[in-house]
Amino acid sequence: MKKTLFSIAIASLVTFVGLTPVHAADKAERNLKAENKSTKNELEDRTQSVNQSAKNGDNMEAALRAISVETGVPMERVRTMHQKHPEAGVGGILNACVLADETKVDPEDFFKQHLNGKNWNAIATDHHVSTEKLMVRLDHVDRYLASGGATIETKKNKK
């Protein structure tokens, strides 16, 4: 009887220990998927927020200037991108310029991917660019628009 109980206890322990890593791996995978979904939504939401800030109060010219200063892309090229891809908004233009700078790929390639249904998070991930980098740049432009242009002009004058 003791042998049988001992065998059952050992079998239960082995089964429990054997299943724990599988459970932990499943949990880690679920957490990663949730984190990616959260980042995806956060980046898309932030991009749309910057687009809205540029539209409000007729800030488009200031937003384009902020993108030029923030990314180092000449103002004329930023204007051309805005005329060619108005659906991307200033947030999309900023994302494409930052991705281009990080990857040395033409921004047009990123606009095409986005127009074909890929979100900015997926594009950044595919090209090994941190979504955090995009978020920081979007925040800079949004702060610039909220401040009436003081933050970027000050940054520009320090260089």
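Reader: In which helix is Val90 found?

Author: Val90 is found in helix H4. Keep in mind throughout that this is a predicted model.

Reader: Is Val90 buried or exposed?

Author: Burial is read from relative accessibility, and a residue counts as buried when under 20% of its area is accessible. Val90 has 2% relative accessibility, so it counts as buried.

Reader: Which residues is Val90 in contact with, leaving aside its neighbours within four places in sequence?

Author: A contact is read from the distance between heavy atoms, with a cut-off of 4.5 Å. On that reading, Val90 is in contact with Val50, Asn51, Ala54, Met60, Ala63, Leu64 and Ile67. A distance between C-alpha atoms is another thing to look at: those of Val90 and Ala66 are separated by 9.6 Å, and the two residues are 24 places apart along the chain.

Reader: Let me step back to the whole chain. How many helices and strands does the chain have?

Author: The chain has eight helices and zero strands. Read from the N terminus, the order of elements is therefore α-α-α-α-α-α-α-α.

Reader: What share of the residues of the chain counts as buried?

Author: The chain has 159 residues, and 35% of them count as buried.

Reader: How many of the contacts join residues 24 or more positions apart?

Author: Take the contacts in the chain with a separation of 6 or more; residues 24 or more positions apart account for 65% of them.

Reader: Now the packing of helices. At what angle do the axes of H2 and H4 cross?

Author: The angle is taken between the N-to-C directions of the two axes. Helix H2 covers residues 60–71, and its axis crosses that of H4 at roughly 10°, the two coming within 10 Å. Angles under 35 degrees count as roughly parallel, so H2 is roughly parallel to H4.

Reader: Which residues make this contact of H2 and H4?

Author: From H2 come Met60, Ala63, Leu64, Ile67, Glu70 and Thr71, and from H4 come Val90, Ile93, Leu94, Cys97 and Val98. Sorted by class, the residues in the contact of H2 with H4 are nine nonpolar, one polar and one charged.

Reader: At what angle do H4 and H5 pack?

Author: Helix H4 spans residues 89–103 and helix H5 spans residues 107–115; they pack at about 130°, with axes 8 Å apart. That angle makes H4 oblique to H5. A crossing also has a hand, and for H4 and H5 it is right-handed.

Reader: Which residues of H4 and H5 meet?

Author: Gly92, Ile93, Ala96, Leu99, Ala100 and Thr103 of H4 meet Pro107, Phe110 and Phe111 of H5. The classes in the contact of H4 with H5 are seven nonpolar, two polar and no charged residues.

Reader: How do H3 and H5 lie, and what is the hand of their crossing?

Author: The axes of H3 and H5 come within 12 Å and cross at roughly 20°. H3 is therefore roughly parallel to H5. Their crossing is right-handed. Arg77, Met81 and Lys84 of H3 and Pro107, Glu108 and Phe111 of H5 make the contact. In the contact of H3 with H5, three residues are nonpolar, none is polar and three are charged.

Reader: Is His82 buried or exposed?

Author: His82 lies in helix H3, which covers residues 75–84. Its relative accessibility is 18%, so His82 counts as buried. Apart from residues up to four places away in sequence, His82 touches Met60, Leu64 and Ile93.

Reader: The loops remain. What is the phi of Lys104, and where is its place?

Author: Lys104 has a positive phi of about 65°, although it is not a glycine. Its place is in the loop between H4 and H5. At 67% relative accessibility, Lys104 counts as exposed, since the cut-off for exposed is over 50%.

Reader: Where is the place of His128?

Author: His128 is in the loop between helix H6 (120–126) and helix H7 (131–147). Its phi is positive, about 60°, and His128 is not a glycine. With 74% relative accessibility, His128 counts as exposed.

Terms used:
Residues numbered from 1 in each chain as written. Predicted model: local features only at pLDDT ≥ 70, side-chain atom pairs only at ≥ 80, totals over all residues. Heavy atoms only, no water. Helix = DSSP H or I, 4+ residues; strand = E, 2+ residues; numbered from the N terminus. Buried < 20%, exposed > 50% of the residue type's maximum accessible area, 1.4 Å probe, protein only. Axes fitted to C-alpha atoms, helices over the stretch in contact; angles between N-to-C directions. Parallel < 35°, antiparallel > 145°, perpendicular 65-115°, else oblique. Left-handed = near helix turned anticlockwise from the far one by under 90°. Nonpolar A, V, L, I, M, F, W, Y, C, P; charged D, E, K, R; others polar.
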